[in-house]
Amino acid sequence: MITTNPFSILAETVPPILMQWFVIIMAMLVIVGTLVDIIHKKNVKYFFENAKKAKLSAIKTLSTSEKISVVSKTIISDIATTSELGAGQRRAAHLLGMYGTILFWIASIILIFCYVNPSSNTPSIWPIMWHVGAIMTVLGGSWFWFFLRVDVYSEAQPWYRIIKADLFVLALIASSLFGLIWSFLQSLNLNDRWDDKVFLAFYVVSNLVLFGGVYWSKFAHMFYKPGAAIQKNLAEADGSRDNLPPPADAPEQFGPGIKREEPKHY
Ligand code: HEM
């Protein structure tokens, strides 16, 4: 199963062009959802106005090489390793899910656009990437959703309570999980049985929810977060600090209470 391209088997019954159009429509849904989100929240307008305002209080003009250095460090640390999440389970779960999703999506595009015909000879690396990416996404997403969500981890809500904020993570887990189950059932060669078709339908619907729900979900954070991290680090380097005061020049004395329990109340 893990070395088989599930889309080239599907192409025996579904025209490849239909699968390719499905991917293109999903990409368009992401663009439209993000743009509507930007217009509705006015977050990008605020972001640029704030950056312009902060620039006025800069105490240093950064040279191009200094800017390149800040941006490169941000890409390597804040973005590629999501350092904002600190060192712990939250960051490990996010990295597992994030890189799993990246592998899963890249492999899906390659499998569907380059090796989709039933006669195609797919190099094993792409189906392996697709299956491993899906497994990583399910593991990372479930780790986060079952154990690390703030409302469960810090607010003692039961793990089965579902709210609108869970749309992104649940649709992400569902699309990878249903994709895996569909690929497995299809590889069993059940011929006229219904099982793989049902899971193919679940896989399609969960993708429609994931990519069609960008406006209502946290999907767009993967575009906003990198921009915000670059701006924050540039503001620190030029001294404007987003108009925030510098850290106090005093010893860090928080009293004995700080040691009583791990900080986990948000
Ligand atoms: C393919 C790219 C990415 C995927 C699939 C992804 C996935 C996720 C998921 C599933 C969540 C949990 C959402 C929830 O609160 O329900 C999340 C939260 C988060 N993500 Fe991402 N993410 C991606 C990129 C990024 C990037 C590039 C950054 C930072 C630069 C980032 C920073 C965060 C932060 C700070 C949270 C909040 C975590 C928490 O509440 O503990 N993500 N991400």
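This is a predicted model: local features need pLDDT of at least 70, side-chain atom pairs count only at pLDDT 80 or more; totals for chains, interfaces and linings use all residues.
Leaving aside its neighbours within four places in sequence, F199 is in contact with F178, I181, W182 and L185. F199 and W182 are the residues with the most contacts inside the largest nonpolar core, a set of 31 residues. Two or more residues of this core come from each of α1 (6-10), α5 (89-114), α6 (125-148), α8 (167-187) and α9 (195-212). Helix α8 supplies the largest share, nine residues. As a general background, nonpolar side chains in soluble globular proteins tend to be buried together.

The wider architecture may now be considered. The protein chain contains ten helices and zero strands, and its pattern along the sequence is accordingly written α-α-α-α-α-α-α-α-α-α. Its C-alpha atoms fill a box of roughly 75 × 45 × 35 Å along the principal axes. Of the 266 residues in the chain, 21% are buried. Among contacts with a separation of 6 or more, 80% join residues 24 or more positions apart.

Helix α4 (residues 64-79) meets helix α10 (residues 221-237) at an angle of about 135 degrees, and their axes lie 9 Å apart. The two helices are therefore oblique to each other, and the crossing of α4 and α10 is right-handed. On the α4 side, the contact involves E66, K67, V70, V71, T74, D78 and I79, while α10 contributes P226, A229, I230, N233, L234 and A237. The residues of this contact comprise eight nonpolar, two polar and three charged.

Technical notes. Residues are numbered from 1 along each chain as its sequence is written. A nonpolar core is a set of buried Ala, Val, Leu, Ile, Met, Phe, Trp, Tyr and Cys residues joined through C-beta atoms within 7 Å. A residue is buried if 20 or more other C-beta atoms lie within 10 Å of its own, exposed if 12 or fewer, and partly exposed in between; C-beta atoms are placed from the backbone. Helices (H or I, at least four residues) and strands (E, at least two) are DSSP runs, numbered from the N terminus. Two residues are in contact if their C-beta atoms, placed from the backbone, lie within 7 Å. Axes are lines fitted to C-alpha atoms, for helices over the stretch in contact, and angles run from 0 to 180 degrees between N-to-C directions. Angles under 35 degrees count as roughly parallel, over 145 as roughly antiparallel, 65 to 115 as roughly perpendicular and the rest as oblique. A crossing is left-handed if the near helix is turned anticlockwise from the far one by less than a right angle, and right-handed if clockwise. Ala, Val, Leu, Ile, Met, Phe, Trp, Tyr, Cys and Pro count as nonpolar, Asp, Glu, Lys and Arg as charged, and the others, Gly among them, as polar.
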